[in-house]
Amino acid sequence: MTQKMKQLIIVYLVLFISGCDSQNKITQSANQNSTIENNRIENTHWTLIEFDGKVVPESVVGKVYIELSDKDHRLNGSNGCNRIMGDYNISNELQISFSKVASTMMACENQGWNESEFNKIFETANNFNISGDRLMLNTDSRMPLAVFVKTTKESITNKYWKLKKLNRKEVRMADNQEREQYFILKEDNTVSGFAGCNQFSGGFSLEQEKSRIKFKNMISTLRACLDVKIDEAEFLEIFNRADRYSISGDILTLNIGRDAPIAVFEAIYF
């Protein structure tokens with residue numbers, strides 16, 4: 001064997017070993033990415049924002065959510081009125097399956113929302129993907145069955161905020177009040193809620209790093225509820241005045257500058 005041939009064999013061996021090492025690193029990287037994705041989907045509160053290609057109706061914003069626990073591979077959540085629970089399994093990177101999924105049987109008022117249709121996603125979903133703070137549950141060759149957004153204790157969007165205090169006074173519902181006063185901040189930077197008699201809506205902007213908030217273009221319906229003893233104007237005025245907020249767990253306060261809170265809200269999970 002000539003010296004030249006020996007040199008060629010050595011070169012081929014180096015290239016072969018290098019190629020194997022690169023392949024191993026790619027495989028390890030893929031496995032690591034899979035683990036990261038699994039960790040990102042589990043032990044997280046996922047709030048539904050889109051279902052069957054449509055934005056969820058306001059009546060259930062913040063109420064429909066899922067949580068997956070990596071300790072016992074259990075699914076827990078809410079379909080808007082009833083609790084849901086079951087088992088899940090993640091395999092082959094982004095494949096997911098659900099089993100033994102059941103829900104409680106409470107009868108709720110019409111919310112413009114079909115709970116049974118939502119429950120069916122646990123029968124048909126077989127894969128998922130995550131993009132930023134969004135989770136998509138999918139089935140083969142289809143648009144996402146459902147889109148969720150990651151919600152943490154520090155999040156103020158996609159939550160149902162019930163009024164607890166207004167101008168330092170405890171709030172109690174009037175006997176004939178239709179429902180509690182609340183508001184919801186949505187993903188598209190719109191706000192909506194109920195002032196005691198009338199629905200209201202508008203827009204908002206956030207500077208989370210500085211805990212600043214600004215409401216704009218606020219409008220409300222014009223129903224007259226003369227027999228309901230509630231001052232809607234006082235409640236709606238907070239959206240004109242508030243420019244800062246603070247959050248601690250499930251308690252949100254709206255403030256003017258660094259002054260005392262002008263309103264205190266509590267996150268309600270259904």
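T151 is buried, at a relative accessible area of 7% (buried means under 20%, exposed over 50%, partly exposed in between, with a 1.4 Å probe and protein chains only). The model is predicted: local features need pLDDT of at least 70, side-chain atom pairs count only at pLDDT 80 or more, and totals for chains, interfaces and linings use all residues. Residues are numbered from 1 along each chain as its sequence is written, and side-chain values use heavy atoms, with hydrogens and water left out.

**Overall make-up**

- The chain has 4 helices and 18 strands (DSSP runs numbered from the N terminus: H or I of at least four residues for helices, E of at least two for strands).
- Of the chain's 270 residues, 39% are buried.
- The chain's accessible surface is about 15600 Å² (Shrake-Rupley method, 1.4 Å probe; for residues, only the protein chains shown count as cover).
- Carbon and sulfur atoms hold 50% of that surface.
- Take the contacts in the chain with a separation of 6 or more: residues 24 or more positions apart account for 50% of them (contact means heavy atoms within 4.5 Å).

**T151 and its surroundings**

- T151 sits in strand β9, which covers residues 146-151.
- The side chain of T151 makes a polar contact of 2.8 Å with the side chain of T47 (a pair of N or O atoms within 3.5 Å; within protein, one must be able to donate a hydrogen and the other to accept it, and residues adjacent in sequence count only if both atoms are side-chain atoms).
- Leaving out residues up to four places away in sequence, T151 touches H45, T47, T157 and K159.

**Nonpolar cores**

- In the largest nonpolar core, which has 32 residues, F118 and F148 touch the most other members (a core is a set of buried Ala, Val, Leu, Ile, Met, Phe, Trp, Tyr and Cys residues joined through side-chain atoms within 4.5 Å).
- A second, separate core has 23 residues, including W161, I213, A263 and A267.
- In soluble globular proteins, nonpolar side chains tend to be buried together.

**The disulfide**

- The structure holds 1 disulfide (a pair of cysteine sulfur atoms within 2.5 Å).
- The bond links C197 to C225, with an S to S distance of 1.8 Å.
- C197 lies in the loop between β13 (190-194) and β14 (199-207), and C225 in the loop between β15 (212-220) and α4 (232-241), so the link ties together parts that are 28 residues apart in sequence.
- The link of C197 and C225 is right-handed, with 70 degrees about the S-S bond.
- C197 is buried at 4% relative accessible area.
- C225 is buried as well, at 18%.

- Strands β14 and β15 pair in the antiparallel sense over 7 bridges (strands pair if DSSP finds at least two bridges between them).
- S205 has K214 in β15 as its bridge partner.
- The hairpin has 4 residues between the strands, and S211 is found in that loop.
- S211 takes a positive phi of about 55 degrees, although S211 is not a glycine.
- S211 counts as partly exposed, at 28% relative accessibility.

**Another positive phi**

- N189 is not a glycine either, yet has a positive phi of about 65 degrees.
- N189 lies in the loop between β12 (182-185) and β13.
- N189 counts as partly exposed, at 39% relative accessibility.

- H73 lies in the loop between β3 (64-69) and β4 (74-79).
- H73 counts as partly exposed, at 36% relative accessibility.
- Beyond four places in sequence, H73 is in contact with E42, G86, D87 and Y88.
- H73 and E42 are 31 residues apart in sequence, with 8.9 Å between their C-alpha atoms.
- G80 lies in the loop between β4 and β5 (83-91).
- G80 is buried, with a relative accessible area of 3%.
- G80 and F118 are 38 residues apart along the chain, and their C-alpha atoms are separated by 9.5 Å.
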